[in-house]
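Biologist: Could we go through this model together, setting each term against its cut-off?

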Amino acid sequence: MIQVPSLTLPQVEQRANVLLGEYADTIGSNVPSPVPVTDIATNELGLTLEFMDLHAYFKRPKSGASSEILGAMEFSNNRILIDHSLDPSLFPHRLGRFRYSVAHEIGHWRLHRGKVLQSQKKSKQPPIICRDPGRQKMPTIERQAEYFASFLLLPGDRVSDAWGSKPPFVFDVFGHGSPELRSLWMSTRADSILTRSLFASECEKRFEEIAAPLAWKFEVSKQAMCIRLEGMGLIRRSAAGSKILSTSRGDFLHSPMNS
Ligand SMILES: [Zn+2]
């Protein structure tokens, strides 16, 4: 795994905004919405984009233990590879995941190409193979690319505009939780694994309902939209739930970039 320099979240966001600015200059107008990520990859950055069966291509059969390969960045020939299972012309319901994967590979191109070029001759550069992060702890290089994708597809000013003047949504156990969750919350089992997991699932279900129309508008997955909205403080978990605020998604959101 390539070791990359640390970047703060604002630094990654700034790098994504610089690319959007360059693209706007190229096309001579504001970047359309949803952000045309494939056009940025091909026309702005001069990369080629190909679909293929990446598990076969890299000779890494799918196994129960390893997560799905979604994309890869081949620095040696300026090529983004996307797994055929994400081809939106065949699988329209995966459009959001496809766009996020392209944006993720652009993140590697913009954030990590210099480091790769420094360390190896171009002809010997191994591709960066990107797997579905799922709920695993990601290495820094992958986390940086994930955040870059989020900032590229979901620019802060556009998400704020789309959210409008509504106050942030705060999930509150008593206002939004099920009778079962409220009952557990008030019991001696408030800090149990059961309560934590029920809190997390009810909270995330509500968040996804709120995120759904925005996810559709920006052509990203509901999960990607939730992470961005939560990162911007537009959807939150109530302070009253502070003892169980930490969920796997929350861990991703708040995990340090440089660990
Ligand atoms: Zn990656």
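Modeller: Residues 24 or more positions apart account for 69% of the contacts in the chain with a separation of 6 or more. Please bear in mind that the model is predicted. The chain has eleven helices and six strands, and 32% of its 259 residues count as buried.

Biologist: What makes L153 buried or exposed?

Modeller: A residue is buried if 20 or more other C-beta atoms lie within 10 Å of its own. L153 has 26 such atoms within 10 Å, and L153 is therefore buried. This residue lies in helix α5.

Biologist: Which residues is L153 in contact with, leaving aside its neighbours within four places in sequence?

Modeller: They are V35, V37, R99, Y100, A103, F218 and V220. As for F218, it is 65 residues from L153 in sequence, and the two C-alpha atoms are 7.3 Å apart in space.

Biologist: Why is helix α5 said to be largely enclosed by the rest of the structure?

Modeller: The reason is that 13 of its 14 residues are buried. Helix α5 covers residues 140–153 and reaches 20 Å from its first C-alpha to its last, close to the 20 Å expected at 1.5 Å a residue.

Biologist: How do the axes of α4 and α5 cross?

Modeller: The axes of helix α4, residues 95–119, and α5 come within 7 Å and cross at roughly 115 degrees. The crossing of α4 past α5 is right-handed. Among the residues of α4 that meet α5 are R99, Y100, A103 and L111, while those of α5 that meet α4 include I141, F148, L152 and L153. The residues of this contact divide into ten nonpolar, five polar and three charged.

Biologist: Which residues of α8 and α9 meet?

Modeller: From α8 they are E180, L181, L184 and W185; from α9 they are L194, T195, L198, F199 and E202. These residues divide into six nonpolar, one polar and two charged.

Biologist: What is the value of phi at K59 and at E219?

Modeller: Most residues other than glycine have a negative phi. Phi of K59 is near 55 degrees, a positive value in a residue other than glycine. Phi of E219 is likewise positive, near 55 degrees. K59 is found in the loop between α3 and β2, and E219 in the loop between α9 and α10.

Biologist: Where is P34, and what is the peptide bond from S33 to P34?

Modeller: P34 is in the loop between α1 and α2. The bond from S33 to P34 is cis, with omega near -5 degrees. In general, most peptide bonds are trans.

Technical notes:
Residues numbered from 1 in each chain as written. Predicted model: local features only at pLDDT ≥ 70, side-chain atom pairs only at ≥ 80, totals over all residues. Helix = DSSP H or I, 4+ residues; strand = E, 2+ residues; numbered from the N terminus. Expected span 1.5 Å × (residues − 1). Buried ≥ 20, exposed ≤ 12 C-beta atoms within 10 Å, placed from the backbone. Contact = placed C-beta atoms within 7 Å. Nonpolar A, V, L, I, M, F, W, Y, C, P; charged D, E, K, R; others polar. Axes fitted to C-alpha atoms, helices over the stretch in contact; angles between N-to-C directions. Left-handed = near helix turned anticlockwise from the far one by under 90°.
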